[in-house]
Amino acid sequence: MSVEYGEIKIPIDLIKKIEERVKETEFESVDEYATFVLEEVVKDDDEEIEEVFSEEDEDKVKERLRALGYLD
Amino acid sequence: MIVVLAIDALEHTLVEGFNCKNLMQEFHGKTDISEFSEPRTMVLWSSFMTGKNMEEEVMALGDEGMWHTKFDIKNTFFDQFKDPKIIDLPGFNYIREQHDKERILLKQFFDAQSEDEKKSIRTEYNNHAFEHHRKIKQEFIDALNEDYDFLLGYFSIADVIGHLNFGNRAMMKMIYKDMDEIAETIKNNYIVLSDHGMDKIGMFGDHSNYGFWSSSVKDFGNPKITDFAEIIKENQQVK
């Protein structure tokens, strides 16, 4: 069965940010990325949110990466 | 053709959580790597291919030297096959320039002082890993259509990206779904195997103390990574 598509309006600034993010991923377009993220939100709204940077976590992971031989 | 999909840091809980049916297959579980002092990538893959715990031998090379480990095929179970194809496996034919650069960028990330600098290095690190992944994926898919009697494709993407992005669930799900699609392209019986899984430390990822296996043929229980040399040889004899 073919999928039907519609249009939604989102701010241009947000599109530019997504364009930058898409470059770091396997996604081929903003449409593809936005569809994926929205599906995630709709399907898994009880899942964990994206973690943010913390120096404490960075110190912990640095120590572990040293133990595993990734860092001097 | 016997096929092994060797995925670094494939995490059991995420394979199930993201419902990756082709990675799970009919039977799947965790491997027991408790005999090793740390879940080190080079030690674990070396132990897999030789069928022996190689921790002492690999660690004797030192933290930097261990990344240059290279076993002769005669010391591995790959020697049992007439025409094996092994892609990018640590300890065997690992593409050194690629993986050396990953570690250099990882070091640069942690040495960077500002958030902007870290962000820029992480972008370069991620792009570098994804570019390599696309090449390995193509090489693996092409090899599936050749006449090799054994094919092993090693995919480092979940480990490399996971170290700096494991807290980014959307990114990790995209990687797991891509690996699941790669598994779907395999038409032969195949084994999925990881060296270890991954634990979340905030936005980062650390190696977990168990690996992952799956098979469409048999329930292996809670095997050691060193058991797979024998398991695969038996599978070859059955064929």
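In which sense do strand S1 (residues 2–7) of chain B and S5(B) pair, and over how many bridges? They run parallel, with four bridges between them; strands pair here if DSSP finds at least two bridges between them. This is a predicted model, where local features need pLDDT of at least 70, side-chain atom pairs count only at pLDDT 80 or more, and totals for chains, interfaces and linings use all residues. Residues are numbered from 1 along each chain as its sequence is written, while chains are lettered from A and ligands numbered from 1 in the order in which they are written.

**Strand S5 of chain B**
- Buried means 20 or more other C-beta atoms within 10 Å of a residue's own, with C-beta atoms placed from the backbone.

**Chain A**
- Chain A has three helices and zero strands (DSSP runs: helices are H or I, at least four residues; strands are E, at least two; numbered from the N terminus).
- Of its 72 residues, 4% count as buried.

**Where A meets B**
- 25 residues of chain A are in contact with 27 of chain B (C-beta atoms, placed from the backbone, within 7 Å).
- Helix H2 (30–43) and helix H3 (55–67) of chain A each give two or more residues to that side of chain A, and H3(A) has the largest share, eight residues.

How values were computed: Two residues are in contact if their C-beta atoms, placed from the backbone, lie within 7 Å. A residue is buried if 20 or more other C-beta atoms lie within 10 Å of its own, exposed if 12 or fewer, and partly exposed in between; C-beta atoms are placed from the backbone.
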